There are 2 protein chains.
Amino acid sequence: MKIALAQLNYHIGNFEQNLSKIKTAISKAKAEEVDLVVFAELAVCGYPPRDFLEFNDFIKQCKDSIKSIAEECDGIAVIVGSPSINPNLEGKNLYNSAYFLENKKVHTICNKSLLPNYDVFDEYRYFEPAVSFKTIDFKGYRIALTICEDLWNVDDDPMYPISPMNIIIREKPDMIINIAASPFSYSHPEERENVLCKNAVKYKLPIFYLNHVGAQTELLFDGGSMVINNKGGIVDEMNYFEEDFRIYDAKNVLENSVLPTHEFNKILLEDSVKFPRIYDALVMGIRSYFNKLGFKKAVLGSSGGIDSAVVLALAVEALGKENVRAVLMPSIFSSETSVSDALELGKNLSVACDFIPINSIYDSTVKTLHPFFNNLNFDLTEENIQARIRGFLLMALSNKFGYILLNTSNKSELAVGYGTLYGDMCGGLSVIGDVYKTEVFQLANYINRNKEIIPQNILAKDPSAELRPDQKDSDSLPDYDILDKILFQYIENRKGPKEIIALGYEETLVRKILKMVNTNEYKRHQTPPILRVSPKAFGTGRRLPIVAKYLS
Amino acid sequence: MKIALAQLNYHIGNFEQNLSKIKTAISKAKAEEVDLVVFAELAVCGYPPRDFLEFNDFIKQCKDSIKSIAEECDGIAVIVGSPSINPNLEGKNLYNSAYFLENKKVHTICNKSLLPNYDVFDEYRYFEPAVSFKTIDFKGYRIALTICEDLWNVDDDPMYPISPMNIIIREKPDMIINIAASPFSYSHPEERENVLCKNAVKYKLPIFYLNHVGAQTELLFDGGSMVINNKGGIVDEMNYFEEDFRIYDAKNVLENSVLPTHEFNKILLEDSVKFPRIYDALVMGIRSYFNKLGFKKAVLGSSGGIDSAVVLALAVEALGKENVRAVLMPSIFSSETSVSDALELGKNLSVACDFIPINSIYDSTVKTLHPFFNNLNFDLTEENIQARIRGFLLMALSNKFGYILLNTSNKSELAVGYGTLYGDMCGGLSVIGDVYKTEVFQLANYINRNKEIIPQNILAKDPSAELRPDQKDSDSLPDYDILDKILFQYIENRKGPKEIIALGYEETLVRKILKMVNTNEYKRHQTPPILRVSPKAFGTGRRLPIVAKYLS
């Protein structure tokens, strides 16, 4: 039996395009005499469809897509993900299903049982969990067809009371096929490999695993679909960050005896793996966002600092240098080197740089507000005014020429609220909002791996917002080395103040930082979507109340 | 047996304050020789605590609060909501629990079984559903203790496969006590009454129902706790929109024979009920937001239009006229009447109005951008620039003087994207973002019920953004009468295009509007939190992808 895995970049709600991609892959598979071609979880509608699932019209279009795909199933079988209607009166109205299509008909529908509802996931919002399971007999093989999370409950502290494979295994399947929509984080590839290999060993079965690729707003899918033998050895792994299509012979996979190359423990992620991976993910994230919204061109403010430098380099890689416009908007507080650094960066990337001085608008603003402010001192207000003038100038260019404004805030500043709402927090997409400041530096080093793209001076100087004379980030914030470590403990590891202090950090500092994080929830509520590269990003995966008074 | 219901306004994560309120109520109950005092769902930490539930430190503080409350339970029993740790290895780590405290100890913990995970709810994100149930014997009565949604599964098309009361009823309880955190919408009071009365009739048991009151950011809780007899008759209903404390004699309630005053069908909500209710809810929402964040003063732009007029009136009611600052920011496109109307409104409300002309900043901006825009025509860009100058001037006042900026966008314009991101969409809180334009007019009429507060001229004139000469909303949008009806079908009723067209609306118009709604998701992603008064508000209760291509 020849099995094809089609790893595709779907577009939520774009039924026509998704269907066309699926049909093209079926044709390709037919030409190669494939017996069974496999598509990802909720492939027909894209993942995550979110509340579109509550619209009957949307569900009908999913159903129509399935019908249309079934038409192609002559001489070939197809596995494809789609919502399906729960025929029972009780429970939610939908299942998250894997359709097995054969002879132009729906042969079997297998429903997802374990519905992830943590971090970025909301599946229990829409779907009823399956409680019964069956295998599928096809071409002499018995297939256990599961969906993503169904295989994910192999921990010592299981999140779900049941594991579907523990039940399905009684039917003695020959293989597991798992269709997934498993979002990327920099540590996800190893976790995914561990989980799948553990399953293969536990059930002594080969696994054909198929994932999405491409981005859906902030959620990135890295692909990395794979085939694992019944010893937990990886037979093949598909491309990361791009569409792929590969054909496997089931017999060969069943007879394959490659052994796992490592023990299934948590792997220490090397920087040499982490940062190239984040880089590729962000490039794909920008590209998908623009493609799916039908935009080509980006604009961003280039300050001469490291954040905008990294975003500019990523944008050029994703969209092409001719599609990126960098804007320098110096004020009286900008250092000369900021301007020259930004210009040099633009030169290195062959990106045209525009110069829009903000002084005249700033002066009119101060004059206009003078009767209200009287002789009150220069403070955060005036700093914010500068940032907001820059924000609204960039938005003016965006409006006039149809660019998307790329936001350049990093995760550290978003965490502590070191940014101006409607100022430097503007934008259609936050590119590095899930990358801590210290990681931004490492990303910059990776960008410079072959030649100097980001000028050395940008890497070397002390971070500054340049909104008042001689300002340094370190005037308001602890060193990023310490700040980022404390933030990581609080955000990624969800440690409380006592636990973090017990790690050796100074109590006053820890409490101050945690308070900053919690009291700035209101700012993060209004940020652009943030490309998610860590296991815990700001945005849909981290939901905190604004009016809370906790550690604040 | 004397039962006290304590309907309180909790603050998420503010353990000290919540504990103090609970203890004060216990003291009061003791003084009245109450046997059992009842507090709401998750009272110790406030509702919804969201991802704070993922922090061990937060759960520990819940536990400590329970311990501290138990200390007070000498000669009195207490029912109080708190998360509790799931002792089983399998399943999620927490339960949403009702603690029964007696003799200074935890007597029983009852766990919630039905975990709402739709609209604004995310309970399955955190909690394991209970699968076993027990009653509590106290003072000769057998109590079925349930939590909110546990009673909500009485539909013909039940969302959950089980109903806990169907199991608990076998133990022959004498009464149901239900502790809840059931958010307000304008139709919620009748729905709540129906659901509870249906339960009372179905199980032939009296119900003591206790709800939260007050707002947690966008979520409003109206109170309306009540006691129902075993015939479904309402014995008593507690105050709406304010804290309350009442004592009931269980014997009297059991013997009470008041009959239900209506059949339990969907009630047509009269405008004379709906708009006072929305008004009270919004006033409470503003007040709670400011109180819980520790702010006193608000600023807002007063344009002479109806939206800002209504928000201004609501703000004055919520915060006091001395705490509200209205700012007029006319441009060359502002009509003279806009200014005079806004001034008259300010006078009627005794609110000081400031005048900040935007022309000088606008001119500098246009001049600054001239080299880039050359001779391109005036378009949306220049309209947005005016809105953004207003936005950043208001933010400057907010920053300088510590005001919260109130946003004045209505639901109709948020729906179709008729607003400027970082301009009129700025603010800390959106007051009427869940109120359609036609409803804003009705709210204005209600505000004017006793005397003219909002000048007649504001009510009478055609809506306009006044961002270009002689602009009217109707240049870009259909009449609000039609627009709002189509939006309601799409947003509240989740009808698809065909279903809406079948109601008699013109196809091109319907498709145009639905496309506007879907393509403007990116703007709504960055709006301030919106006080929720409808059954389907923009915000946490409506989750749509940004890059989707569906009906767009």
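In chain A, H1(A) passes H2(A) in a right-handed crossing. The model is predicted.

**Helix pair in chain A**

- Helix H1 (residues 15-31) of chain A packs against H2(A) at an angle of about 20°, and the two axes are 11 Å apart.
- H1(A) is therefore roughly parallel to H2(A), because angles under 35 degrees count as roughly parallel.
- On the H1(A) side, the contact is made by Phe15(A), Leu19(A) and Ile22(A).
- On the H2(A) side, Gln61(A), Ser65(A), Ser68(A) and Ile69(A) take part.
- Sorted by class, the contact of H1(A) with H2(A) has 4 nonpolar and 3 polar residues, and no charged residues.

**Contact between chains A and B**

- Chain A puts 77 residues into the contact, and chain B puts in 77 residues.
- On the side of chain B that touches chain A, at least two residues each come from helix H2 (56-70), helix H6 (271-293), helix H9 (359-373), helix H10 (380-401) and helix H16 (497-502) of chain B.
- H10(B) gives the most to this side of chain B, with 12 residues.
- The side of chain B that touches chain A is made up, by class, of 38 nonpolar, 20 polar and 19 charged residues.

**Cis peptide bonds**

- In chain A, the peptide bond from Tyr47(A) to Pro48(A) is cis, and its omega is near 0°.
- Pro48(A) sits in the loop between strand E2 (36-38) and helix H2 (56-70) of chain A.
- In chain B, Tyr47(B) and Pro48(B) are joined by a cis peptide bond with omega of about -5°.
- Pro48(B) lies in the loop between strand E2 (36-38) and H2 of chain B.

**Positive phi in chain B**

- Thr217(B), a residue other than glycine, has a positive phi, near 55°.
- The loop between strand E10 (213-216) and strand E11 (219-222) of chain B holds Thr217(B).
- Thr217(B) has 27 other C-beta atoms within 10 Å and is therefore buried, because the cut-off is 20 or more.
- Tyr422(B) is not a glycine either, and its phi is positive at about 65°.
- Tyr422(B) is placed in the loop between helix H11 (411-416) and strand E19 (429-430) of chain B.
- Tyr422(B) also counts as buried, because it has 24 C-beta neighbours inside 10 Å.

Conventions:
Residues are numbered from 1 along each chain as its sequence is written. Chains are lettered from A and ligands numbered from 1 in the order in which they are written. This is a predicted model: local features need pLDDT of at least 70, side-chain atom pairs count only at pLDDT 80 or more; totals for chains, interfaces and linings use all residues. Two residues are in contact if their C-beta atoms, placed from the backbone, lie within 7 Å. Helices (H or I, at least four residues) and strands (E, at least two) are DSSP runs, numbered from the N terminus. Ala, Val, Leu, Ile, Met, Phe, Trp, Tyr, Cys and Pro count as nonpolar, Asp, Glu, Lys and Arg as charged, and the others, Gly among them, as polar. A residue is buried if 20 or more other C-beta atoms lie within 10 Å of its own, exposed if 12 or fewer, and partly exposed in between; C-beta atoms are placed from the backbone. Axes are lines fitted to C-alpha atoms, for helices over the stretch in contact, and angles run from 0 to 180 degrees between N-to-C directions. Angles under 35 degrees count as roughly parallel, over 145 as roughly antiparallel, 65 to 115 as roughly perpendicular and the rest as oblique. A crossing is left-handed if the near helix is turned anticlockwise from the far one by less than a right angle, and right-handed if clockwise.
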